[in-house]
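Welcome! Here is a short tour for a reader who is meeting this structure for the first time.

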Amino acid sequence: MKVLVTGAAGFIGSHVTQVLLARGDDVVGIDNLNSYYDVNLKEARLEWIADTPASGDFSFHKMDLVDQTAVDALFVNEKFDKVVHLAAQAGVRYSIEAPREYIESNVMGFTNILEACRHNSIQHLVYASSSSVYGANESIPFSGKDNVDHPVSLYAATKKANELMAHTYSHLYGFPSTGLRFFTVYGPWGRPDMSPFLFADAIVNGKPLKVFNYGKHRRDFTYIDDIVEGVVRVLDVNAVPNKKWSGMTPDPSSSKAPWKVYNIGCSNPVALLDYITTLETVFGKTAEKELLPLQPGDVPDTYADVQALIDDVGYKPSTTLQEGVEKFAVWYKEFYKV
Ligand SMILES: NC(=O)c1ccc[n+]([C@@H]2O[C@H](COP(=O)([O-])OP(=O)(O)OC[C@H]3O[C@@H](n4cnc5c(N)ncnc54)[C@H](O)[C@@H]3O)[C@@H](O)[C@H]2O)c1
């Protein structure tokens, strides 16, 4: 297969690219290498991909999703079979500071991807949604059957918008699309703006550690390899229409169109303070903690019901928190020469 991976220099995109290349798919990666966080880390991920022996071919284009002409030309020239769309302006808190970045990359950029998929007979579009779409929903664990009409950040609203836009395209043009709601992903090459990484940074460098919601909230931390395994399994099983779907009792996670959304998480939520304790044990250092209230835009708990993904593609997260944090720490120490 020839696969386009958008956001290939990103955390999840670089890992997905590695796994596809290892199994023999050809991958074209695009990314605008923006400076939302350390560009050196993004470039180092691309070097990591280039330096890892693989069966498939990899090429990379520095490109902005918002550049419609460039995106259209790429699709016409490369003739992709499938697309894994992971490029986005990520982060809940930054969406309060810089809302327009989210509309540009996540709404305009996504429109360009949908249009290009439509005009180039893409067999399956798999794209990143987020657990943040659950917003004000308090029914735990979060299920694809839950209503997600109450986002509490613009980031979440753009991810929910992506699911709706993809539905329209799958309905109108019949191309299969699957949205994956990722739950707090952590691991080697992780994102420096996210709590798993910020905590490690504070512990290692003896900085006071900001713990929001007084450490009481629980996160369904999911190890990167489990996420990637799920993404690739989903990519291989094109979304199909749900023949039993009824407009009288509409299931929000499927459709008469070839469209699906799934949760993809560990399904084992951990209190923030327990996650920090595991990190402290692994790094052999304790941190001074600054206990703070819940941040605007944050949700108190996340917990994925992943039964649909287990049933449909055989997804099975297998990495324990201890194993995952140890692997993350090994990478962190080596990369930052701690
Ligand atoms: N990491 C998580 O825990 C998590 C959770 C929920 C959802 N997600 C979603 O998963 C996807 C991947 O997340 P990640 O953690 O790898 O984030 P990331 O920021 O590391 O990767 C995204 C990449 O997209 C690129 N990008 C952003 N805007 C672009 C644009 N306009 N044109 C081209 N490239 C652009 C960035 O440079 C970055 O390298 C994102 O859509 C994110 O919203 C991630």
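Which residue forms a salt bridge with Glu115? The partner is Arg118, and the closest N and O atoms are 3.2 Å apart; a salt bridge here is a side-chain nitrogen of Lys or Arg within 4 Å of a carboxyl oxygen of Asp or Glu. This is a predicted model, in which local features need pLDDT of at least 70 and side-chain atom pairs count only at pLDDT 80 or more, while totals for chains, interfaces and linings use all residues. Residues are numbered from 1 along each chain as its sequence is written, and side-chain values use heavy atoms, with hydrogens and water left out.

**Around the ligand**
- Of the 29 residues around the ligand, those that come nearest are Asp31, Tyr37, Tyr155, Lys159 and Val185; a residue belongs here if one of its heavy atoms lies within 4 Å of the ligand.
- An N or O atom in the side chain of Tyr155 is 2.6 Å from an oxygen atom of the ligand.
- The backbone takes part too: a polar backbone atom of Phe11 lies 2.9 Å from a ligand oxygen atom, and a backbone N or O atom of Ile12 is 2.8 Å from an oxygen atom of the ligand.
- On its own the ligand has 810 Å² of accessible area, and the protein covers 97% of that (areas come from the Shrake-Rupley method with a 1.4 Å probe; for residues, only the protein chains shown count as cover).

**Salt bridges**
- The whole structure holds 14 salt bridges.
- Glu115 and Arg118 sit three residues apart, about one turn, in helix 5 (residues 99–119); helices are DSSP runs of H or I with at least four residues, strands are runs of E with at least two, and both are numbered from the N terminus.
- Glu115 counts as partly exposed because its relative accessibility is 23%, where buried means under 20%, exposed over 50% and partly exposed in between (1.4 Å probe, protein chains only).
- Arg118, at 31% relative accessibility, is also partly exposed.
- Lys207 meets Asp201 in another salt bridge, 3.0 Å from N to O.
- Asp301 pairs with Arg218, with the closest N and O atoms 3.8 Å apart.
- Asp301 lies in the loop between strand 13 (289–291) and helix 10 (307–313) and Arg218 in strand 9 (residues 218–219), so this pair ties together parts that are 83 residues apart in sequence.

Terms used:
Polar contact = N/O pair within 3.5 Å; in protein donor to acceptor, adjacent residues only side chain to side chain.
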